[in-house]
Amino acid sequence: MFLREIARKNFQRQWGRSFCLVIVIMLLSFFLFTGSVLSLSLSNGAESMANRLGADVMIVPEGYDPHVDSILLAGSPSTFYLPDYALNEIENLKNELGIDLISPQTFLATLRASCCSYPVQIVGIDYDSDFIIGSWLKESIYHSLKDDEIIVGYHVSGWPGDVIKFFNRDLKVAGRLEQTGMGFDSMVFTNINTIAKLSKEAEKISGKPMRNDGSLTSVIMLKLKPGNDAVAVAGEINRRLSSKGLYALFSKKFVNNIGDSLKTISLIIKSVIIFLWLISMIIIVLIFALSLSERKKEFGILRTIGATRGKLIKLCLTEILMISFYGAVAGIIIANVVTAIGNSFVSDALHLPFLMPDLKILIYLVIFSFSASVLTGIFAGSFAAFKASRLDIHEIMRG
């Protein structure tokens, strides 16, 4: 009790020194927590995307491959279509190139909807041939999407039973997706019949056809038979069909690009945390070491009234424990507020899938960041504490 009271008064009396140390520990705990959350969120997003992209090869209109990238990663609304002969051309190559499954999808962008204050990407899928989206849509509903039914992404307002208007047409929400950290969170899914109706309404509103040949296929997803190489198949399709306005890209390209970006960002985050940890250690040691010259008489008086070297060490460690506690708590509180508010901005800025860890993991990260910050403070402060304990009492009193 005696040591804690002295430590508290020293904390209040030396407010400048205490404030600097609290800021150092606060920054350390802040970056430990936010860095860990950022790294895990990107890893979760990349894993989610790898699991969602069940196609080996995607066929898009020539020159539109960057649009598919932005749609999958950021949910950027886009409307584009393949030529009407695209599906037949791919069907003709099915056996020769070892293609197992073929499924078309339709993209339709809307600029206004009752569910949202921002553009929304509507995706139409063919349930009869779909082998990707239908499997994870079933996690939200227990039946195939009926006409005029939709499933909304995590960021789209609407719950089962609600009615949302798209292109002057009322659609019933049949289900809602769990968060994926990808562009799917801002999408709306429906069946091929409903997307055809919506396209006609969109043509009436715009006063012009979506495509002159009447095509309603935006991308074609391909699943290859075991043993076939996606890169080689995509290359062969491009060699044969690029002159017809078709372009094939293998879906692992996205995953690989994300993996490379994630490694770079993770390395930067780890480097910043290590650098900050070292700087924090140095600053804490220096501030305590510099304060020793000002506190020699204080230590001398304490020794005179019976304080042992062990108690001087405990006093210094009690002070740094108090400072580390305040700094770690402040840093974690600020970090939680920043991550809660800024996670969507980070996702948009990085153009990478971003999926926040669940509550259990966040609690573990809070405990880790708090413990690491406090232990760092105690470890750094112990150098100054042991130095203080070795001061000669006779030299101090003579000085």
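Analyst: Let's start with strands E2 (residues 99–110) and E3, which pair in the antiparallel sense over 6 bridges. Here strands, like helices, are DSSP runs numbered from the N terminus (E, at least two residues, for strands; H or I, at least four, for helices), and two strands pair if DSSP finds at least two bridges between them. Before going on, note that this is a predicted model, where local features need pLDDT of at least 70, side-chain atom pairs count only at pLDDT 80 or more, and totals for chains, interfaces and linings use all residues. Residues are numbered from 1 along each chain as its sequence is written, and side-chain values use heavy atoms, with hydrogens and water left out.

Back to the strands. Leu108 stands opposite Ile122 in E3. On the other pairing, E3 and strand E7 (residues 187–191) run in the parallel sense over 5 bridges, with Val123 opposite Phe189 in E7. In general, strands of a sheet pair through backbone hydrogen bonds, either parallel or antiparallel.

How many of the residues of E3 are buried? In E3 (residues 120–125), 6 of the 6 residues are buried, where buried means under 20% relative accessible area, exposed means over 50%, and partly exposed is in between (1.4 Å probe, protein chains only). Val120, Ile122 and Gly124 point one way from E3, while Gln121, Val123 and Ile125 point the other way. In a regular strand the side chains alternate between the two faces of the sheet.

Now zoom out to the whole sheet. It's an open one made of 9 strands, in the order E5-E6-E4-E7-E3-E2-E8-E1-E9, with mixed pairing. At the edges sit strand E5 (163–166) and E9, each pairing on one side only. Neighbouring strands are turned by 35° against each other on average, direction ignored; axes are lines fitted to C-alpha atoms, for helices over the stretch in contact, and angles run from 0 to 180 degrees between N-to-C directions. Another parallel pairing joins strand E4 (residues 149–152) to strand E6 (residues 169–176) through 4 bridges, and there the bridge partner of Ile151 is Gly175 in E6.

Helices pack on this sheet. Helix H7 (residues 192–206) touches E2, E3, E4, E5, E6 and E7, and its direction makes about 110° with that of E7; contact means heavy atoms within 4.5 Å. Helix H8 lies across E1, E8 and E9, running at about 170° to E9. The 12 residues of H8 (residues 230–241) should span 16 Å at 1.5 Å a residue, and its end C-alpha atoms are 16 Å apart, which agrees; the expected span is 1.5 Å times one less than the number of residues. Buried residues of H8 are Ala230, Val233, Ala234, Glu236, Ile237, Asn238 and Leu241. What covers them includes strand E1 (57–61), helix H4 (86–92), helix H5 (94–97), strand E8 (219–224) and strand E9 (246–250).

Leaving aside neighbours within four places in sequence, Met221 is in contact with residues including Val57, Leu101, Gln105 and Ile132.

One last stop is the aromatic rings. A search of the whole structure finds 4 aromatic pairs, where rings of Phe, Tyr and Trp (its six-membered ring) pair if their centres lie within 6.5 Å, and planes under 30 degrees apart count as stacked, over 60 as edge-to-face and the rest as tilted. The rings of Phe80 and Phe107 have centres 5.6 Å apart and planes at 80°, so this pair is edge-to-face. Phe80 is in the loop between helix H3 (65–74) and H4, while Phe107 is in strand E2, 27 residues apart. Both Phe80 and Phe107 are buried.
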